[in-house]
There are 2 protein chains.
Amino acid sequence: MNAITPTITEGPLPASRKIHIAGTRHPDIRVPLREIALHPTADEPPVRVYDSSGPYTDPDVRTEIEEGLPRLRETWIAGRGDVEPYEGRVVRPEDNGFTSGAKLTPEFPNLKQPYRAKPGQAVTQLAYARAGIVTPEMEFVAIRENLGRQQLKEQRARDGESWGAALPDHVTPEFVRDEIARGRAVLPANINHPESEPMIIGRNFLVKINANIGNSAVTSSMAEEVEKMVWAIRWGADTVMDLSTGRNIHNIREWIIRNSPVPIGTVPIYQALEKVNGIAEDLSWEVFRDTLIEQAEQGVDYFTIHAGVRLPYVPLTAERTTGIVSRGGSIMAKWCLHHHKESFLYEHFEEICDICRSYDVAFSLGDGLRPGSIADANDAAQFAELETLGELTRIAWKKDCQVMVEGPGHVPMHKIKENMDKQLATCGEAPFYTLGPLTTDIAPGYDHITSGIGAAMIGWFGTAMLCYVTPKEHLGLPDRDDVKTGVITYKIAAHAADLAKGHPAARMRDDALSRARFEFRWEDQFNLSLDPDTARAFHDETLPKEAHKVAHFCSMCGPKFCSMRISHDIRDEARRDGMERMAEKYRQSGDLYMPVDPAE
Amino acid sequence: MNAITPTITEGPLPASRKIHIAGTRHPDIRVPLREIALHPTADEPPVRVYDSSGPYTDPDVRTEIEEGLPRLRETWIAGRGDVEPYEGRVVRPEDNGFTSGAKLTPEFPNLKQPYRAKPGQAVTQLAYARAGIVTPEMEFVAIRENLGRQQLKEQRARDGESWGAALPDHVTPEFVRDEIARGRAVLPANINHPESEPMIIGRNFLVKINANIGNSAVTSSMAEEVEKMVWAIRWGADTVMDLSTGRNIHNIREWIIRNSPVPIGTVPIYQALEKVNGIAEDLSWEVFRDTLIEQAEQGVDYFTIHAGVRLPYVPLTAERTTGIVSRGGSIMAKWCLHHHKESFLYEHFEEICDICRSYDVAFSLGDGLRPGSIADANDAAQFAELETLGELTRIAWKKDCQVMVEGPGHVPMHKIKENMDKQLATCGEAPFYTLGPLTTDIAPGYDHITSGIGAAMIGWFGTAMLCYVTPKEHLGLPDRDDVKTGVITYKIAAHAADLAKGHPAARMRDDALSRARFEFRWEDQFNLSLDPDTARAFHDETLPKEAHKVAHFCSMCGPKFCSMRISHDIRDEARRDGMERMAEKYRQSGDLYMPVDPAE
């Protein structure tokens, strides 16, 4: 065997340790959180943050890539009594693009039999939720989402504009169940991916982000892709999509899933196209169906299905500036047009649902006609497809399948909210999952930023998950650095959205960091930031000495001009003169303009 | 003399040439624009873009840093007959922080006598505008802003939400005069900075960006700062603020102004503080007044004056999470509290106006009490100061002085619009000039992004100029790379805002780039982008060969999965089948969901 164990980035983030919280209904669940310790002078408890990084940041766990992660959900899945192990589909040469010999990525060495639903059973979290069952997965995400809220409840009035979302003060397992039952949230949890730590995607939960990885025909390998996954979740990716399109798709995906603590999404049409040698016209329902089963057995948690690209919509793209820019969308459009037939994805959608409900693969209904330029935003093709995605959402729900809906793309700021409003209305509040959107086309090389602007805004308006865009977008395949930049940018967008929506606990980290900044606790400032390594490195470029880590200034202004330092002097001085008394006096005298606090 | 001529980045951007357009009323004016040539297969005229880079990108001009730029406005200024040259103030040791010997930055070698207004004259663009005079400066900016609009008028309906702005279809010199006369726009043009190419800042013009440079007590030098200025305008900075706080402030500033084709802003209190050895309590009106005259004679185009930090407001900051974070604000707060006296800036504001009107230095009324954290956004201290800035705006206008008003800072998304709305109402539509705002505090090292989100939004809502934030914000002094990243990020924010406001010509560049992208004109895609060097480098990382510059794919998807390539196949196929006819048929059949175009 010519396996090369990939080099994986492991170890905790600075000043951080992983803690686990047990469930109440299900005492065996262990929900991971990250605790960031502060300097003793802070006189504050450690700050707890959401932790998507899995066992790789836990020094108590020894991970072995060739073994895969512990199968923590397996007893829950098997315990429900509605699944059965079986032989599974035999891997065929076309699954790896007919690769052989040294070019073949080795098979993952620790394969298990797959599970499937027993005949007639729906094994989806949606089916359980509708039946009134609070699964361990649901309690897990309740604890995970709930982070810090109880502590905060006494402290602060709600401050935000949630645009009609219904954020609870405290997330209960019952609330999670109810949101899933209503279709307003998705808990991606394929029964064949028992290694995953449950997470939830919905408008009334924290905004999530997805990172895309995957090799292409041009570049990359299994070892790189596994490390990209581990690297992406280290910095905060909540789900990862494997968009591989070259050779070895089957085997690379197996290595990724077996080692991923986050849900894995795919676009099955990519692999199906490889199986017919890249000729879109040769695609068929049979090849596609076979691919769905192959991937469901491996444990893919959600499928992007471009069933909304219908034959009559294709001509609507004729006058577009950039045509069809979704890969899946363009493949299906080509098929439809060539055969002059309705899409087989659309026509067989109920059968696709039957497969998904047997493994609990969630839908991510692809927006194959999303705009690829500012010029094409919010056009007839895009909104025609959205209407169909609403229709498909209702079919999937009827079949007990979990659904989210993909959104654009390239949209100028003034047209973003319309996208959110239409999606909510058309798709019955099924979670929206958008790619950016990019707010201008003129900055290739910086599209993490052009899209981070749109992502923050649409996240605020109600998008449940934001698909990252890296600096390489439109130009090439992202490398490890690009993945990190994309993830951090999207964590910023998601967090800015949580703050603006008024998520009860969102501001705790901002406030802790701001206090550290004001008190010149430089180490705390670095450790509380999304990327401690970069913050520290930037600071140390000009002030590298350890003594500077407690200095009451930085190189930006130097000591004399540090406003925060002066602010402290002012406070000290004012304490002698009784600044609070002065403030009170001014308030009473009415000598002062005192606007109404908008938060009141 | 130990002068070291700085190394300056010169030469045109890729595929670009500088063109000049003459005036009609003033035939001697030459307005620079950049023309980006496209590949012959595009069959499109070159794309004209706004060009702030000055003569440094013009191969026909030989720039000599030790000589300074040509004094292109001098004949206009002198020709108005209301100014006189005079001896000027003598440079004193404290102007350069008592530096001497080898540590003293050499004096700029080509000094001229300064001008001032003749007794009783107001030599501001506002005074001229009110008198009904269209100055050459005004015609210059009309041509500069107007770029591409006439050509476009026939082509496209207005598409945007301008939030009450009054964007004209075509910018005339008379419109410019009227906007300045109403105080709704500022044309910074110190009579002692005749080297500057006129530009305008106002809600009904293109959104502008400012880049901060300047040495600190800890690091940097004259040569670096001059190059930072040239580098910042190369990438699109519309104005530059010299925020130097260390030694050699006077001499470094002279080198910068003499070589700057864009307006230069300063915060005079920084230099005043150096003159009193960094002891805020020792500041006085006399030292400050002397500094204003010193800088006005050098040619500073706008002054940040923190006259809104009044004694009664200081106690309002007592309970803040991050106190006072504006350097100027904290200095003045300290002075007020120490002496328990009203601010000398506030009390002498009319005298400050008298100085400014004698040189046409515009005001940038500083927001010394801006929030320094999400926790402090939109609080009583901030809005109390804003009320005073409105009062000062009216005083300045009464004195024929041009005014803009500075804004925050750190503001979560849901509180951004309130800032804009209050500023418009309180300050009579004087241009708003904001620092970001940052939409979260948790990402030091990425604050160009946290703030780029807020900047794009507030720019859309009506902010006229966005002050950039670099990745080093809160951590250290930005270097050359940081300056570029900050400028490009803010060009993105400003352009996204222009698009969303519906600026008539803004979308031309997006559309040209999108067409290039769709047609695989890789070189055109690079050349049309804000940063051609980075776009090209990213592409070439995986596909370096020249042949790939015309390839119908990139390494992101590879040839088989390139949606744009497939889109072309679809079009080709459809042309045979008459896709347009098909589209028409579907439209007529009503078989299809056809949403109303929101732009209609």
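Start in chain A, where helix α12 passes helix α13 in a right-handed crossing (right-handed if the near helix is turned clockwise from the far one by less than a right angle, left-handed if anticlockwise). The model is predicted: local features need pLDDT of at least 70 and side-chain atom pairs 80 or more, while totals for chains, interfaces and linings use all residues. Residues count from 1 along each chain as written, chains are lettered from A and ligands numbered from 1 in written order, and side-chain values use heavy atoms, without hydrogens or water.

**Stop 1: α12 and α13, chain A**

Select residues 349-359 for α12(A) and 380-398 for α13(A). Helices here are DSSP runs of H or I with at least four residues; strands are runs of E with at least two. The two helices pack at about 45 degrees, with axes 9 Å apart (axes are fitted to C-alpha atoms; angles run from 0 to 180 degrees). α12(A) and α13(A) are therefore oblique to each other (under 35 degrees is roughly parallel, over 145 roughly antiparallel, 65 to 115 roughly perpendicular, the rest oblique).

Now show the side chains at the contact (heavy atoms within 4.5 Å). From α12(A), pick A:F349, A:E350 and A:C353. From α13(A), pick A:L392, A:I395, A:A396 and A:K398. Five of these contact residues are nonpolar, none is polar and two are charged (Asp, Glu, Lys and Arg are charged; Ala, Val, Leu, Ile, Met, Phe, Trp, Tyr, Cys and Pro nonpolar; the others polar).

**Stop 2: α14 and α15, chain A**

Move on to residues 416-426, helix α14(A), and 447-461, helix α15(A). Their axes come within 9 Å and cross at roughly 35 degrees. This crossing of α14(A) and α15(A) is right-handed. On the α14(A) side, select A:I416, A:K417, A:N419 and A:M420. They meet A:G454, A:M457, A:I458 and A:F461 of α15(A). The contact residues divide into five nonpolar, two polar and one charged.

**Stop 3: the cysteines**

How many disulfides are there over all chains? The count is zero, a disulfide being two cysteine sulfurs within 2.5 Å. Go to A:C401. The nearest cysteine sulfur belongs to A:C353, 4.6 Å away. A:C401 is buried, at 1% relative accessible area (buried is under 20%, exposed over 50%, partly exposed in between, with a 1.4 Å probe and protein chains only). Then switch to B:C336. Its nearest cysteine sulfur, in B:C353, is 18 Å away. B:C336 is also in no disulfide, and its relative accessible area is 0%, which is buried.

**Stop 4: α5, chain B**

Stay in chain B and select residues 173-181, helix α5(B). Seven of its nine residues are buried, so the helix is largely enclosed by the rest of the structure. The buried residues are B:P173, B:F175, B:V176, B:R177, B:E179, B:I180 and B:A181. What covers them? The cover includes α2 (125-130), α3 (136-146) and β6 (185-186) of chain B. Step just past the helix to B:G183, which has a positive phi of about 80 degrees.

**Stop 5**

Return to chain A. A:N192 sits in the loop between β6 (185-186) and β7 (201-202). Buried or exposed? A:N192 is buried, with a relative accessible area of 6%. Beyond neighbours within four places in sequence, A:N192 contacts A:P114, A:Y115, A:R258, A:A296, A:E297, A:Q298, A:G299 and A:Y359.

Finish at A:E347, in helix α11 (residues 344-347) of chain A. A:E347 counts as exposed, at 55% relative accessibility. Its C-alpha lies 9.7 Å from that of A:R310, 37 residues apart in sequence.
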